[in-house]
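Subject: Structure for you to look at

Hello,

Here is the structure I promised to hand over. Please open it next to this email and follow along.

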Amino acid sequence: MSRLKRVAGKVIRALPEALVGRLLPGEYRYRPADVPAPSRAPDSPVRLYIAPANFAGQAWQWARAAERHLPGVGAVSMVEVLRAGFRHPADTAVPRGVYAASGRWQRAERAVVAHDFTHLIVEAERWPFGGVLLESVDEQVRWALDRGLHVAMLCHGSDIRLPSRHAELEADSPFRTALGDQIAHYQRLTERNRALLDRLDLPVFVSTPDLLRDVSQATWLPVVVDVDRWATDAAPLSRAVPRVVHAPSRAAMKGSELVEPTLHRLHEQGLIDYRRLEKLPHEGMVAAYRDADIVLDQFSMGIYGVAACEAMAAGRVVVSHVADFSRETVLAATSQRLPIVQARAAELETVLRDLFDDREAARATAALGPDFVRAVHDGRRSADVLRPFLLG
């Protein structure tokens, strides 16, 4: 961390709390009333604190999975809230400016974690205690270790996925195309984060199996989905014109630009009813997936994650490009075959037409989805992965 940033942090810390919140720019601005109370530790022998990313609500899901399936474990997820509006559930939600600059919140939260928790999982190599101008992530992790906490690191994706390797392995990698101008930024970020993991030499989890290529010493921690919430009795591919949906949270990462010309053409020809889903609240996504016949996930990364699991849980035909490495890793770890129909962007039209020609086979593949998600992604396996860290 640069000396200039530390000086700026100390200046901010010396100002009255009410003034700090007013002086911060735009999305960082906050009022004293916005400062939340510190997290409350669970009343259990093992007390886990997960912070600060909660991407796709996964920290909250892992916390609940640990509580449900591991004896004597309680857990709390803390998230830095990046924007107003919809957010995934979390036990402690902290506005961005408070997380970055509020000395009052940071001191109170650190005191609670140090005194009342036994375990800490640091997500995405980010600051677990805020105060981003005063300390490095390295320093905050070592501070927690010095106070007796058991600490593990958790990588989510772009924080550790090396762009140069991905571009070499994947012909449709966004680092070759849509994100080509950002490859230098992501390269620096991932190299810096990998160096941090190497320095700390702590247990490491990754949220998707492809990341084992980037952190070979890590353990895959499966994402968690509420299977029953997505379930429906409606069979896919029952209507004459199939409804095909695509919900790109980040279109550049999903390869949307690679497939949408084909999808719009097939829609205009009356072969599909194509709908791109954007900015839907969670309940809206549940309804949209249940009403779909085919869900298209992504065509540039070669991975699968929360969105694909939700679509499988809904019993939809899921079409995506999932690289052999991920499929083989899942099979080796779980004895389960991933029931996602394989298609690269250039193959999508052929794959869709094949599905329409043999709807019974497509429905049989879709029917495997809920059982797969229940076996791998309902929280039980994730809790088992956490067991050695929390109870070992």
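Where does D297 lie? D297 sits in the loop between β10 and α13 (306-313). Helices (H or I, at least four residues) and strands (E, at least two) are DSSP runs, numbered from the N terminus.

Before going on, two notes on the source. This is a predicted model, in which local features need pLDDT of at least 70, side-chain atom pairs count only at pLDDT 80 or more, and totals for chains, interfaces and linings use all residues. Residues are numbered from 1 along each chain as its sequence is written, and side-chain values use heavy atoms, with hydrogens and water left out.

Back to D297. Why does D297 count as buried? Its relative accessible area is 6%. Buried means under 20% relative accessible area, exposed over 50%, partly exposed in between (1.4 Å probe, protein chains only). The side chains of D297 and K254 make a polar contact of 2.8 Å. Such a contact is a pair of N or O atoms within 3.5 Å; within protein, one must be able to donate a hydrogen and the other to accept it, and residues adjacent in sequence count only if both atoms are side-chain atoms. Setting aside residues up to four places away in sequence, D297 touches several others, including H246, Y304 and S320. Contact means heavy atoms within 4.5 Å.

Next, the sheet. It is open and has 5 strands, in the order β9-β8-β10-β11-β12, with parallel pairing. Two strands pair if DSSP finds at least two bridges between them. β9 (273-276) and β12 (341-342) are the edge strands, and each pairs on one side only. Strands β8 (residues 243-246) and β10 (residues 294-296) run parallel and are joined by 3 bridges. V245 has V295 in β10 as its bridge partner. Helix α11 (residues 256-268) packs on the sheet and touches β8, β9 and β10. The direction of α11 makes about 145 degrees with that of β9. Axes are lines fitted to C-alpha atoms, for helices over the stretch in contact, and angles run from 0 to 180 degrees between N-to-C directions.

Now R327, in helix α14 (residues 324-334). The side chain of R327 reaches two backbone oxygens: that of I340 at 2.9 Å, and that of V322 at 3.1 Å from a polar side-chain atom.

Then helix α6 (residues 137-146). Its buried residues are V137, D138, Q140, V141, W143 and A144. They pack against α5 (103-116), β4 (119-123), β5 (150-155) and α8 (183-200). R110 lies over the face of W143, at 4.3 Å from the ring centre. A charge sits over a ring if NZ of Lys or CZ of Arg is within 6 Å of the ring centre and within 35 degrees of the ring normal. After α6 comes G148, whose phi is positive, near 90 degrees.

Last, the aromatic pairs. How many does the structure hold? There are 7. Rings of Phe, Tyr and Trp (its six-membered ring) pair if their centres lie within 6.5 Å; planes under 30 degrees apart count as stacked, over 60 as edge-to-face and the rest as tilted. Y99 and W105 form a tilted pair, 6.4 Å centre to centre, with 45 degrees between the planes. F175 and Y186 are edge-to-face: 5.8 Å centre to centre, 65 degrees between the planes. F175 is in the loop between α7 (163-169) and α8, while Y186 is in helix α8, 11 residues apart. Both F175 and Y186 are buried.

Best wishes
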